[in-house]
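Visitor: I would like to learn how to read a protein model, one feature at a time. Could you take me through this one slowly?

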Amino acid sequence: MQNERTLDIYQDDPEDSEFDIRHYFSIIRKRLSIIVIIIVIVFAWQFLRVNTITPMYTASSSVLIEKNQGSANLDRQYFGYDPFFLTTQTEIIKSEGVARRVVENMQLDQRYKPYFISNTSSRTTFFGEQKKNFKNFIASLLPEKKRKPEMQSTGLQESSENDPQSFTDADIIANIVRNGLGVSPVPDSKIVNITYTHKDPAIAKLVANAIVQAYKDVTLDIKLSSTNYELQWMTEKANEERKKLEAAENALQEYKRDNDLVTVENRLAVIPQKLNQINTEFTNAQTERRELEGVYQQISNAKNDMTALVQIPLFAANNVIQAIREKIFKARQNINELSKKYGEKHPNMIRAKDELDILTNEMKLEVDRIIATTRNSYELAKSRENNLKELLAATKSELLNVNEKFVQLSIMQREVDTNRVLYDALTSSIKRTGVTEQAQSVNIWVVRQAEQPGGPSYPNKRKELALGLVLGCVLGLGLAFILEFLDNTVKSEKDLINKFDLTVLGTIEQLKGKKEEIESFVVRQPLSPIAESYRLIRSNLLLSSAERPPQTILITSMSPKEGKTTTTINIARMLSQGGKKVLVIDCDLRKPRMHSLFNMDNKVGLSNYLTGNMDGNILFDIPGESIKLIPSGLIPPNPAELLSSKKMTDLIKKMAEIFDFILLDSPPIQRVTDSLTLSRIVDGTIVVVKARQTTNEMLIGGMKKLRDVQAHLLGFVLNGMKERPAGEGYYSGYNTYYAKNTD
């Protein structure tokens, strides 16, 4: 419950939001010496560099540059907004051609050679070579616009020193002029500032003005060269297009003549109409043939059966057949009536039958006539259908042939038109280019000529020294935070709480005096902040359990020299101040130290008792203090077996009946298993952690071992803190207040 309460205090700290900033300041304070050293080194290096650099002077001139719009009828190619115009002109000014033109116009390689190329040769020292290499490296990292004049002075000159025959003086000086040249367009205007930097102010002015004239000359050369090449190309191209146009026109005329395509357009309009008409007639003929074919098929299926034939719709609808059928019907009725009166040979009966036979013959004759007519009509319809089909195919073929000829004619006509357009355009361009050949494509006016600079532009000592100071601060702070980041040790109470979810009983600051000893400091300075820190640990121990405080407490650490023995004796002193009986048992049977703190004999102690070789009492009084001590005794060969024996458990139980608190000083967890064994027989375990020494990996492994054996962990004691960060934890400022009050 106490652990949870203390953890909640840390988590609900109202100043927790300020922890990060204060933590950064604590890192700066801790690494302040490294930061100061880096700042001093960088600033000193910058100071020496600034005072050894050759001063450079910068002359500046301004020019107005705009595109020559020309005539709306002659120079249409120049109309329109060009967002890259000034950028292009800037690159032209910085080009090698302009630099070479400056050298030629001003004869810099003859009249002013000593100002650019030194004739005196000197040996390059090791430091000079390293300085040059460093400058070249820095220059390679910076953009060209941000390179300083001294960085831009390298180039062909250095190459010529290594190989004097590689470049001429004009080449070297032209490259030096380019490296010292600066061009910067003025935003939202057509004005461009041109600067030149040199170690001699007069040369800087001279070259800055010469660059403008050289730029004008190069621009005109570009225009003339481009125009001449354009005219030559367009003339050759026009001749080619003229020959193509003549060939295309001749081919078109020959094709028309060979294929008789004079009336092709009229034929192309008539043939589709004729094709539609024939197609309609063919469809009608096909329908008629199918109808007659159906009737003829019915007649064929009847097979001369008069009864079946007359039932076919073609016969049934015939008026003659209908009239004969009525007469036959009446003749048969007459025969039936006469048969009732007369016999078969009666003249009336014979006459009636003769009439019926005559009607039947007439019916047969009429049916034969209709059959013959239907057969003829069917044959005629089939013949007409075949004729129309052949005519339709011939018309389609004729239309396809005419279409192919017309398509080919259109292709040839289009080629003629295209060649004519290209030829006319080239002819017009040749005439227009010839008229505007001498026109300037870019208008350039000098707004401000360069004047001789009154002072050096580089180095700016104040700026460079300020930059060195800032760079030193950045490097120093960067190194400090890198070292802090690489430090994998426990640094604060929050590291322990956040990672292990276990309270920190107290924090012990490291003694600042070299001759001070923490073991006796608490006795000599009972009102010091360190003493109050141990009292705070005592208070947290007494409040760590709801029913009663832990009586038997094991104090251990992850590795040696983390302060567990000192912590044990100082906690025992604080517990004894309230009149409590306190016993300290030195359970470190491998490297005992408790007896040496009080100059006591270690011949008899815990090991003697556990092995049964005890000749006397193992309880000793600590001189000058109300604390009992059981020293470790002689070092046994099997410490782990002795500490895990039943006799050790019985000893703890027996002493618990006499003393109010029993503190066990045990070996480090990472070395042996003694502490893990003892943690099972005590009420609680305290882990001592040394700030800036105990690593997180070491602590994670040790805590896992303690939790695997189900040890009751009371909390951590953070030992050896050099300083407590401002606002760290709930008890910030508590020691100062508590130091004014004694028990």
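This is a predicted model: local features need pLDDT of at least 70, side-chain atom pairs count only at pLDDT 80 or more; totals for chains, interfaces and linings use all residues.

Visitor: Is threonine 649 buried, exposed or partly exposed?

Guide: Buried means under 20% relative accessible area, exposed means over 50%, and partly exposed is in between, with a 1.4 Å probe and protein chains only. Threonine 649 has 23% relative accessibility and therefore counts as partly exposed. In the protein as a whole, 40% of the 743 residues count as buried.

Visitor: How do I read a pair of aromatic rings?

Guide: A pair of aromatic rings is described by the distance of the centres and the angle of the planes. Rings of Phe, Tyr and Trp (its six-membered ring) pair if their centres lie within 6.5 Å, and planes under 30 degrees apart count as stacked, over 60 as edge-to-face and the rest as tilted. The structure holds three aromatic pairs. One of them joins tyrosine 24 and phenylalanine 481 edge-to-face, at 5.9 Å centre to centre and with 80° between the planes. This pair links distant parts of the chain, since tyrosine 24 is in helix H2 (residues 19-30) and phenylalanine 481 is in helix H17 (residues 461-486), 457 residues apart. Tyrosine 24 is partly exposed at 44% relative accessible area, and phenylalanine 481 is partly exposed at 30%.

Visitor: What kind of pair do phenylalanine 500 and phenylalanine 716 form?

Guide: Phenylalanine 500 and phenylalanine 716 form a tilted pair, with 5.8 Å centre to centre and 55° between the planes. Phenylalanine 500 lies in helix H18 (residues 493-500) and phenylalanine 716 in strand S12 (residues 713-721), so the pair ties together parts that are 216 residues apart in sequence. Phenylalanine 500 counts as buried at 7% relative accessibility, and phenylalanine 716 counts as buried at 0%.

Visitor: In what order do the strands of the open sheet lie?

Guide: Two strands pair if DSSP finds at least two bridges between them. The open sheet has eight strands in the order S5-S12-S11-S6-S10-S7-S9-S8, with mixed pairing. Its edge strands are S5 (504-509) and S8 (620-621), each of which pairs on one side only. Two bridges join S8 to strand S9 (residues 627-630), and these strands run antiparallel, with phenylalanine 620 standing opposite leucine 629 in S9. Four bridges join S5 to S12, and these run parallel; in S12, methionine 721 is the bridge partner of glutamate 509.

Visitor: Why is S5 largely enclosed by the rest of the structure?

Guide: Strand S5 is largely enclosed because five of its six residues are buried.

Visitor: Which strands does helix H25 lie across?

Guide: Helix H25 (residues 646-656) lies across S6, S7, S9 and S10, running at about 145° to S10. Axes are lines fitted to C-alpha atoms, for helices over the stretch in contact (heavy atoms within 4.5 Å), and angles run from 0 to 180 degrees between N-to-C directions.

How values were computed:
Residues are numbered from 1 along each chain as its sequence is written. Side-chain values use heavy atoms; hydrogens and water are left out.
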